[in-house]
Amino acid sequence: MSEFDAIVVGAGPAGSSSAIKLASSGLSVLLVERADPPGSKNVSGGILWGNELAKVIPDWEKNAPLERFVVSKGTGLLTDDSLISIDFRSKKLENNKTGYSVLRAKFDQFLANKAKASGATLVTGVTVDKVAFKDRKVIGVEQEGDVISSDVVILAEGANPRVAIDSGLREPIGDRDVAIGIKEVIRLPETTINERFNLRGSQGYAGEYVLGFLKDGVKAGGFLYTNKETISIGAVINAADLRANNSTYSYNIMEQFVTHPFIAPYLEGGKVEEYSAHLVCEGGIKSVPRLSGDGYMIAGDSASLGFSNGLVIQGMNYAITSGIAAAEAAIEAKTKGNFSAASLHSYDEKLALNYVLEDMKNFKGIEGVTWSSLMHKAVPRIAEKVFFDMFYETGEPKRHLSEILLESIAGSGMSKSQLILEAYRAARRM
Ligand SMILES: Cc1cc2nc3c(=O)[nH]c(=O)nc-3n(C[C@H](O)[C@H](O)[C@H](O)COP(=O)(O)OP(=O)(O)OC[C@H]3O[C@@H](n4cnc5c(N)ncnc54)[C@H](O)[C@@H]3O)c2cc1C
């Protein structure tokens, strides 16, 4: 007889959502989190997209510690001298709220406390070392030599899944699987944030940027999200580029982003309250491991489930959905009294039926677009030249857009045919 029906490792969005679902369905659950309090080791940009939490916390929009809702979604290309941006600002986003900024230190505590209130046993400040095996079946977790037993273990330990790797349940993470995320939280008065971003009340801005000004072949994107009285700003840097380049450091890239002439004014007078770094899942479907086996399932970032296309970063919604799906599979397994690989495979089937695995499969190769020279070099250069030439009055006769465009392409470092081919490939994958 096991001590618990289920042990969940990690109280991030995947683990806590899973534990809420399990405990509120009457299973005995141990939720183990290395941080104390939960969330204090976690980093996210953090826009929570979608309405996944409603499946376990119907009133989450009223009671969760949400900062602002996204009314304005920006996308920008930064070069040394310019910012070329689109700002989609819409009453439709106000009336159909689909993204909220969150601060994980508060948000994760809220979720973990909900798991506790649902009946889960929450243990914080404890790092699980490995899963425990008997006859090649997972029978619990191991911590400092002690085994705590359960019928099923759900690994929701995030983007650096040491337990899964050290237990031989997934391959080690490589440069192609992750990017390096650096983030600052900068405090500013609410009125200043509202004025700078043209916001009212709880309206929020979320912007993604291509850092097209970077040298040395290192590619990175930036994000800037508004909270009530802080701004979350960060850079997501290609890990392989960084490793290949000995003279560029992630903190230099972050520094260049926050001091860029068209970003710095947003932050002026602000006080840096947090500086953090974390891995971001970026490998797409190629990084997704075996999701379940005898006595275990892997959810959220631990299973490399996430989506990023340069316009948006999404991981928390995939974590919540996969955590809940793992809980549902465990509940069914409990009813059948069968926690074998065949039984828990229903987890994989659930992920194949909802958007999680479908997105991962449909957007196979998206990372090739996100990190392409087309997006990071050619497009920013072309866009800057086109707009400058269109708006700069020379006193000479004006030229047609097509002429300016062809000239800009010629100066982009890519041939016309190469550019058309790359742009077509990118459009198909995005
Ligand atoms: C810079 C950055 C920006 C991002 N921006 C966004 C965004 O805007 N929107 C979005 O949706 N996603 C974003 N993401 C991705 C998102 O943060 C993740 O996809 C999401 O947090 C995954 O949730 P999770 O529960 O799987 O893992 P995590 O949130 O990482 O939670 C894992 C938990 O497990 C705990 N843990 C780890 N190992 C152990 C152990 N051995 N024992 C006990 N506990 C353990 C950790 O302390 C942690 O609490 C961003 C990520 C980064 C780094």
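This is a predicted model: local features need pLDDT of at least 70, side-chain atom pairs count only at pLDDT 80 or more; totals for chains, interfaces and linings use all residues.
The shell holds 36 residues. Five of them come nearest: Glu33, Gly45, Ile47, Arg104 and Asp301.

An N or O atom in the Glu33 side chain is 2.6 Å from a ligand oxygen. Next, Arg34. Here too the side chain supplies the N or O atom, and a ligand oxygen lies 2.8 Å away. Ile313 uses its backbone. One of the backbone N or O atoms of Ile313 is 3.1 Å from a nitrogen of the ligand. How much of the ligand does the protein cover? On its own, the ligand has 1000 Å² of accessible area, and the protein covers 97% of that.

So much for contacts. Where does the ligand sit? In the largest pocket.

By class, 18 residues are nonpolar. Another 13 are polar, and 5 are charged.

Which elements build this shell? Two helices are on the list of those giving at least two residues each: helix 1, at 13-24, and helix 10, at 316-336. The strands on that list are strand 2 (29-33), strand 13 (220-226), strand 15 (271-281) and strand 19 (313-314). Strand 15 gives the largest share, with 3 residues.

Last point: the domains. Why do we say the ligand lies between two of them? Because domain 1 and domain 2 both give residues to the shell. Domain 1 comes in three segments, 4-65, 103-173 and 286-363. Domain 2 runs over 178-281.

Technical notes:
Residues are numbered from 1 along each chain as its sequence is written. Side-chain values use heavy atoms; hydrogens and water are left out. A residue is near a molecule or strand if one of its heavy atoms lies within 4 Å of it. A polar contact is a pair of N or O atoms within 3.5 Å; within protein, one must be able to donate a hydrogen and the other to accept it, and residues adjacent in sequence count only if both atoms are side-chain atoms. Accessible areas come from the Shrake-Rupley method with a 1.4 Å probe; for residues, only the protein chains shown count as cover. On a 1 Å grid over the protein atoms alone, a cavity is a set of points where a 1.4 Å probe fits but cannot get out, and a pocket is an open set with protein on both sides within 12 Å along at least five of seven lines; lining residues have an atom within 4 Å of a point. A molecule sits in a cavity or pocket if more than half of its atoms lie within 2 Å of its grid points. Helices (H or I, at least four residues) and strands (E, at least two) are DSSP runs, numbered from the N terminus. Ala, Val, Leu, Ile, Met, Phe, Trp, Tyr, Cys and Pro count as nonpolar, Asp, Glu, Lys and Arg as charged, and the others, Gly among them, as polar. Domain bounds come from an automatic or database domain assignment.
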